[in-house]
Amino acid sequence: MEHILIIEDERDVNRLLAQTLKEGGYKTTSAYDGMEGLRMAENGAFDLIMLDLMLPYFSGDEVLRRLREKSNVPVIMISARDMVRTKTDLLTLGAVDYITKPFDLGEVLARVVSNLRRCKKEESRKQLTYGNLVLDKVFCFS
Ligand code: CA
C-alpha cells in the first residue's frame, strides 16, 4: 500500500485529506507543522507528500527546499495563495504539482493518483542496472 505523508497545520483540513486518501486506498501519516513534517519526511519511506505552504516553524517552501537536498520524493503543495509566481517558484523548487485551497477532494485524489502513476513510470525508466549494480536516478518532477 502506498504511503502518503500529509503536512498540514489545520487539523480539519489534515483530517479531511487523510480520510479522502484512505478511502482512495492509501496509507496516510499526518504531521502538523513544518519541523515535524520535515523530520518525518526525512526518516520515513513515503511514496508522496502533501505539503501545505503556510506552516508553523518551517514554511512549506522551506521544508521543500531542505527535503530536496536529500530526497526526490514527489511533493504536492497545498496553499490558500493563488499566485502564479508562487506556483512557478514551487514547481522550480521541485514540487510535482500544486493545489489551491479551497480544493475539491475528488480533484485532490485524482491528482495524487496521477502523480504517483507518472512518478512510478519515470522511476522504472530511470533505474539503470549494470551487473549487480543498480543506479537510481529518480527525478520525478518535470
Ligand atoms: Ca496552513
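Tutor: The structure holds nine salt bridges. A salt bridge is a side-chain nitrogen of Lys or Arg within 4 Å of a carboxyl oxygen of Asp or Glu. As a general idea, side chains of opposite charge can pair when their charged atoms come close. Please note that this is a predicted model, in which local features need pLDDT of at least 70 and side-chain atom pairs count only at pLDDT 80 or more, while totals for chains, interfaces and linings use all residues. Residues are numbered from 1 along each chain as its sequence is written, and side-chain values use heavy atoms, with hydrogens and water left out.

Student: Which residue meets R15 in a salt bridge?

Tutor: The partner is D12, with 3.3 Å from N to O. Both residues belong to helix α1 (residues 11-23) and lie three residues apart, about one turn of the helix. Helices (H or I, at least four residues) and strands (E, at least two) are DSSP runs, numbered from the N terminus. R15 and D12 are both exposed. Buried means under 20% relative accessible area, exposed over 50%, and partly exposed in between (1.4 Å probe, protein chains only).

Student: Where do E107 and R111 lie, and how far apart are they in the helix?

Tutor: They are placed four residues apart in helix α5 (residues 105-125), and are therefore separated by about one helical turn. E107 counts as partly exposed because its relative accessible area is 35%. R111 is also given as partly exposed, at 25% relative accessibility.

Student: What does the salt bridge of E42 and K70 look like?

Tutor: Their side chains meet at 3.4 Å, N to O. This pair links distant parts of the chain, 28 residues apart: E42 is in helix α2 (residues 34-43), and K70 is in the loop between α3 (60-68) and β4 (75-79). With 34% relative accessibility, E42 is partly exposed, whereas K70, at 62%, is exposed.

Student: Which residues are linked in a network of salt bridges?

Tutor: The network links E8, E10, D52 and K101.

Student: Which residues make the contact of α2 with α3?

Tutor: G34, L38, A41 and E42 of α2 take part, together with V63, R66 and L67 of α3. Contact means heavy atoms within 4.5 Å.

Student: What is the secondary structure of the protein chain as a whole?

Tutor: The chain has five helices and seven strands, and along the sequence its pattern reads β-α-β-α-β-α-β-α-β-α-β-β. Of its 142 residues, 43% are buried. Among contacts with a separation of 6 or more, 58% come from residues 24 or more positions apart. V113, found in helix α5, is 92 residues from L21 in sequence, and their C-alpha atoms are 9.6 Å apart in space.
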